[in-house]
Amino acid sequence: MATRTLGIAALLLLLVPTAVAHAAPEPARAPAPGAPQRAALAKPDVNLPSGWRESSDLLVTGAGDQDGFHLHVAREKDAFAWSTLATLNGGMREAGTWTGSVCLTGSGRYAVAVYAPAAATNKPALMNAGGLAAVVDVRTGATRRLPGRYSLAYFNPACGPGDRVLLTRAIGVDQQKTDLIGVAAGTATITETRRIDAQLTTPAAGPDGDFGIVRGALVKVDKGGALSTVGRPGGRPYAVRVTGGGAIDLLTVQQQAGGERAVAYRYADGKQRRVGDAARTDLELFGLSDGRNALVGDVSGISKGLDDLATFYAGRNPVAVSRQGHLLALSAAAQQRQATPSMRVTVQATRTGAVSSGDVTRTGLAAADVLSNEIEPEEQPLPADPGLPECAIPRNSLRHQVLQPSANQIEWAVDLAVQGRLTVQRPANYLKTGLPAYTPQGLFPLPANSPRVPAQLFLAILAQETNLYQGSWHGVPGDVVNPLVSDYYGIRADPDGEIEKVAFASADCGYGVSQVTDGMRVGSTKFNNTQRVAIATDYAANIAAGLQILVEKWNQLQTAGVTVNNNDPRYIENWFLAVWGYNSGIYPRNGSNPYGVGWFNNPANPTYPANRQPFLRVSKDDAAVPSRWPYPEKIMGWAEVPQWQWIDPLVKYSKPLFGSDTGDKLTLPGRYQFCGPVNNCSATQPANPCPAVNSTCWWHGYTSWLESNSQKEFATENLVYPVGSAEPPLIRTYPTACTPFSGPPGTLVVDDLTSSAENVLCSGSQAWGGKFTLRIGYPSGYLWTDYAAVDLHQISGYFGHAWFTHAYDPEVTYPQGGVAKNYHQVVGTWTPNITTAGTYEIVAHLPSHGANIPEATYLIDPNSGLGEPWKCKINQQAVTEWEDHWVHLGTYPLRPGARVQLDNMIQNATGTVDIAYDAIAFVPKPSGGHNCRDTVS
């Protein structure tokens, strides 16, 4: 297998979102228990059934953002007002945007979710078996995580009519086997795991057994994992549910006289009944209370008369239905840049059809999921030695700061790179890295046989992989941040899946906007030090390196004789196979063995719903659930619908130039385009497109989905920046704080930078009047230090730089041993160069973002620990939101050796708010002075 060398973001740490860019998280203030956060439905007396105030009907849905995958509940008795039920992130706060799926058990008591960082959907291994799972009590919000990893598939999890739930895990690179896992939601325990010797999709738990789809047939799975066929509905099944009475409802896409249709079937008493049909994309199947099912969408062609099968009309397919069917959630997605975290939701009352939309304010975070632990704290094992970092360019290094680019700069670099003219001169010591002068494509030139890569095609890859970010997702355009590294720490689980540990040897080491992996490990000789540092810190150099890798994939296909359409690389559609192989590998020719591209990303693979629309074409909310599409379809979606960055003004890259016959859309292959004798996949038998589900399913050869292959049917690149264009200005989200602090003679400014030579953002200099240190982990320097470093980040602040981390309750016990203080403590110490005792007014600088802890306690030690320190509690965000500002810590008599300290250990904190360490000024004040928390004029 020709493995991909451009690193794919992993289910670990330090990833970036695949949705829109956002500002740093806002403070989370917990609401009163059960307090609604928004009344979702207006005029409830009109739109809801009578007696709604006493109703037990409720709806649960999920939305992911940078804090985790949030479950929200709306109860009819509150007019379907919303509240946050739980926040799920597996304790991983640094993983970028999260995605997931959730279902409600038949009793309505438990919500079960499978979730992961959205960037995990870029890696086949994590799509197959990289999701976390948790059970949440809907009445109390109590959350229990299940051990193990699960598929990130649209049908996972699958709740039955009772409190039994099925989870799946795909086994093998070609998904040739499936683990079917039974879960008792009431106890959050796994009751059985069955290894099925086939690819099983759309599982369904029933009162007398479990069911699913295998090779297009509806099958029953016995206790040992053996299969027996129940029916063969034909077409491509995409939804299965069992009623409380044991009847099975199924939806499948079938080719009919007028085109493809979604057809509904009922299996009961040994008989198959056709219930009706609708357009291919207009019908979905959900579970209701009392063991009933519901068909939702265009139900005009659905037969009535089945008491346990309700029908609800909806203009578009919903994402969730309330237990009694009184409310449909048509869409629900987190808003990525808001003053307060929120979810945008659109709902429909089934009684009247009334539709309303609005933002559900998330004013608090429920406790994150934690695995249950039966070992007493004193008996718990200490963490294993994580080893030494394997990724060549470190995090939290002042010599490796990244200036986060804006989308216009990314587009400029791509436009010039595809022309082989990304030769902007980077001067010596660019970004204070100490490197010699270089040009991006001087370091990483295109090969002599390079095809012309369409600019929008490569921009689409960057959008899907990293949201156009070169640095950590914690920084918005204009910030200085850590390099973006997919899985720097190699976080992994123990074999039982219950303990997350730092394990550097498992790190992925994908760097920057194009996630360059190969050559970025310690000891690799593929790149020299200049190339590695440039890849990690300079977006233009990273793009030049990443483009080399994409070109390599095209050339591998040419060598293997695998082509599509007219094979002209100018056309975006002709890169479908190259990005397919870019994600899941290209298998080279090797005698008579199978070769080409694998089964995982084949559009015919039933891992992806047969009724899906093209990615992003109908709704931008598709970006919140990327696991529903194979990778090449996602890339074509980002090429057709450019990704946007929420900065002012709104910035996004340009659309391609569409052919005159395309209707301003890309011309995409059909689901069975890559089916034929070479991979045992038949478009004429869509129910069973790849019977073997192994290497014989790999596709190679030639196919075309364009009738005439004329230019009018293709999309081509749209270059905004011609050869010779200067690098465009950075569009900053926030202004920089480059004005030196002004004080009377004797003022001492202690910054978190050790010298002006480390300042990437600001010109000029500031006299440094003391020493700043960070101590991470407790005890410092022990094995805990690596865990505390995971939480530590660089961001813009006074004179261009600050540090921030998250606040934790110090005494919370962790399953892997120790308490939160051991793993997460970060202490900042500012020691001014005071030579003579005197009175000083102390003023602390706070950055515009990355600082939102409501009570940061500064300890003012007047004489090097010889007495009890004073305390000043500051709301780090309250003074002026979204702007850098100074706050008074008070006026104190200080002696030589005096210092100020700030600790991130806060009682009852849960790691959901940020605490910043920036500059502090010590101003001589013979008389008068301000008190703690006085407003700075």
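Biologist: Before we start, what does buried mean here?
Modeller: Buried means under 20% relative accessible area. Keep in mind that this is a predicted model.

Biologist: Fine. How many residues of helix H9 are buried?
Modeller: Ten of the ten residues of H9, which covers residues 631–640, are buried, so the helix is largely enclosed by the rest of the structure.

Biologist: Which residues are those?
Modeller: Among them are Tyr631, Pro632, Glu633, Lys634 and Trp638.

Biologist: Switching to disulfides. How many are found in the whole structure?
Modeller: The search finds five. A disulfide is a covalent bond between the sulfur atoms of two cysteines.

Biologist: What is Cys391 joined to?
Modeller: Cys391 is joined to Cys509, with an S to S distance of 2.0 Å. This pair links distant parts of the chain, 118 residues apart. Cys391 sits in the loop between strands E27 and E28, and Cys509 in the loop between strands E32 and E33.

Biologist: Are those two cysteines buried or exposed?
Modeller: Both Cys391 and Cys509 are buried.

Biologist: What about Cys738 and Cys762?
Modeller: They form a disulfide with their sulfur atoms 2.0 Å apart. The torsion about the S-S bond is about -75°, so this disulfide is left-handed. Cys738 lies in the loop between strands E41 and E42 and Cys762 in the loop between E42 and E43, so the pair ties together parts that are 24 residues apart in sequence.

Biologist: How accessible is Cys738?
Modeller: Cys738 is partly exposed, at 24% relative accessible area. Cys762 has 6% and is buried.

Biologist: Where does Cys872 come in?
Modeller: Cys872 is joined by a disulfide to Cys932, with 1.8 Å from S to S. That link is right-handed, with 85° about the S-S bond. Cys872 is in strand E49, while Cys932 is in the segment after strand E53, 60 residues apart. Cys872 is buried, with a relative accessible area of 0%.

Biologist: New topic. Where is Leu774?
Modeller: Leu774 is in strand E43, residues 770–776. It counts as partly exposed because its relative accessibility is 26%.

Biologist: Last one. What does the side chain of Asn122 contact?
Modeller: It makes a polar contact with the side chain of Gln464, at 2.6 Å. Asn122 is in the loop between strand E6 and helix H2, and it is buried, with a relative accessible area of 0%.

Notes:
Residues are numbered from 1 along each chain as its sequence is written. This is a predicted model: local features need pLDDT of at least 70, side-chain atom pairs count only at pLDDT 80 or more; totals for chains, interfaces and linings use all residues. Side-chain values use heavy atoms; hydrogens and water are left out. Helices (H or I, at least four residues) and strands (E, at least two) are DSSP runs, numbered from the N terminus. Buried means under 20% relative accessible area, exposed over 50%, partly exposed in between (1.4 Å probe, protein chains only). A polar contact is a pair of N or O atoms within 3.5 Å; within protein, one must be able to donate a hydrogen and the other to accept it, and residues adjacent in sequence count only if both atoms are side-chain atoms. A disulfide is a pair of cysteine sulfur atoms within 2.5 Å.
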